[in-house]
Amino acid sequence: MKPVKVGICGLGTVGSGSFNILRENAEEITRRVGRSIEIEQVGARRDNPSADTSATNVTRNIFDVVNNPEIDIVIELIGGTTIAKELVLQAIENQKHVVTANKALIAEHGNEIFAKAQEKGVMVAFEAAVAGGIPIIKTVREGLSANKIDWLAGIINGTGNFIMTEMSDKGRAFDDVLKEAQALGYAEADPTFDVEGIDAAHKLTILASIAFGIPLQFDRVYTEGISQITEKDVSFSNQLGYSIKHLGIARRTAKGVELRVHPTLVSKKQLLANVNGVMNAVMVKGDAVGPTLTYGAGAGALATGSSVVADIIDVARTLTADPDNRVPHLAFQANALSDLEVLDIDEVECGFFLNMTIQDRAGVLANITQILSTNGISIESLIQQEKGVSDSVPLVVMTHTVAEKNMNAAIAKIEALPDVIGKIQRIRVEALI
Ligand code: HSE
């Protein structure tokens with residue numbers, strides 16, 4: 001059979017990783033596909049010393065690639081949502097299949113891109129957009145397709161997990177670890193996307209759509225970053241038997257769908273609490289299969305390149321198949337997406353870890369527990385440290401499950417007590433059951 005010809009747009013971390021895998025594993029890939037996959041052209045603004053393109057047709061104009069009549073599959077690895085969107089839409093218009101690692105593009109413009117791809121009968125594959133090297137899209141979309149998905153929860157940003165792990169295990173400073181993550185090619189061009197949870201929200205948007213069969217709704221994800229987490233939060237959580245992880249959580253409830261990214265206390269008994277460094281992991285709970293966990297490198301050239309190349313292989317295998325018989329982009333048939341409501345964060349129910357500083361006077365604890373009880377909040381555990389030289393002491397309270405709006409009301413009242421100093425640090429707790 002004649003070779004499948006691909007054009008790679010973008011030769012950064014993921015572009016060079018994908019290029020090298022296609023070269024290094026060419027023989028293995030041909031044995032899998034039944035025909036060879038050839039890199040017809042690379043479009044990149046500059047060379048990358050990690051990829052030897054001396055024998056490759058390289059253009060500085062990425063649009064040459066989408067307009068190249070020889071190319072069957074365009075690999076979009078330039079990132080961003082402006083030129084990338086134009087490029088992908090042009091590729092689809094030119095009846096080329098697309099493979100992309102661009103989570104922002106899919107989360108924010110996927111509905112439009114998939115509609116156009118369907119109209120033109122081409123595929124847009126995006127495994128590498130979520131959790132780097134972990135085949136989580138394929139797992140949820142195909143491996144778990146017999147199930148109603150109840151919930152999923154994942155560590156889906158490698159940079160954030162790397163930072164939290166290094167700070168917690170080695171006491172390193174936030175900025176220092178972030179610089180290392182950037183040097184290793186893990187971080188986004190704008191690293192606040194990693195730290196403030198925007199990158200994880202992009203990925204969660206995609207996962208929720210393929211899990212529940214809902215349209216992509218990035219603007220409905222509640223997003224909170226990790227920059228406010230203190231060493232004290234980490235150490236009190238440890239004492240209570242929990243790790244703090246930056247989770248993306250999507251849950252189907254009787255009222256609607258929860259979509260949220262925030263720091264979360266996870267019991268150390270959970271496998272997810274032990275996912276460290278740049279590693280990602282996603283737990284998915286299906287009604288038939290029960291809980292599942294996939295784990296692997298969430299960022300990096302070869303790990304993410306592994307997903308890009310797997311998508312190229314998938315697309316190459318189905319090039320001649322009837323478009324109506326392909327796996328739908330969002331797992332469910334495009335005309336069968338559900339209008340399940342996405343809930344406001346106020347409606348979400350979970351446990352809470354409250355870290356506050358109080359004046360160590362008689363009756364303070366009674367006042368605090370009284371407010372919690374009046375708002376229907378039951379205490380699971382509590383740490384009150386002995387008084388040191390100053391009169392103020394830390395008080396940590398873990399609560400049972402409560403609606404966010406009740407917790408907000410209680411926190412406002414507790415913060416107004418004269419013996420409570422400053423703001424209360426509140427971190428959500430998930431049982432993951
Ligand atoms: N910046 C992302 C991360 C890269 O750290 O997970 C992979 O999407």
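The crossing of helices α1 and α12 is right-handed, a term used where the near helix is turned clockwise from the far one by less than a right angle, left-handed being the anticlockwise case. The model is predicted, so local features need pLDDT of at least 70 and side-chain atom pairs count only at pLDDT 80 or more, while totals for chains, interfaces and linings use all residues. Residues are numbered from 1 along each chain as its sequence is written, and side-chain values use heavy atoms, without hydrogens and water.

**Helix packing**

- The axes of α1 (residues 13-24) and α12 (residues 301-317) come within 7 Å and cross at roughly 60°.
- In contact (heavy atoms within 4.5 Å) are residues of α1 including Val-14, Gly-17 and Ile-21, and residues of α12 including Leu-302, Gly-305 and Val-309.
- By class, this contact has 8 nonpolar, 6 polar and no charged residues, with Gly counted as polar.

**Positive phi values**

- Most residues other than glycine have a negative phi.
- Gln-95, in the loop between α4 (83-93) and β5 (97-100), has a positive phi near 65°.
- Gln-95 is partly exposed, at a relative accessible area of 47%; the term lies between buried (under 20%) and exposed (over 50%), for a 1.4 Å probe and protein chains only.
- Leu-432, in the segment after β17 (420-430), has a positive phi of about 55°.
- Leu-432 is buried, with a relative accessible area of 4%.

Methods:
Axes are lines fitted to C-alpha atoms, for helices over the stretch in contact, and angles run from 0 to 180 degrees between N-to-C directions. Helices (H or I, at least four residues) and strands (E, at least two) are DSSP runs, numbered from the N terminus.
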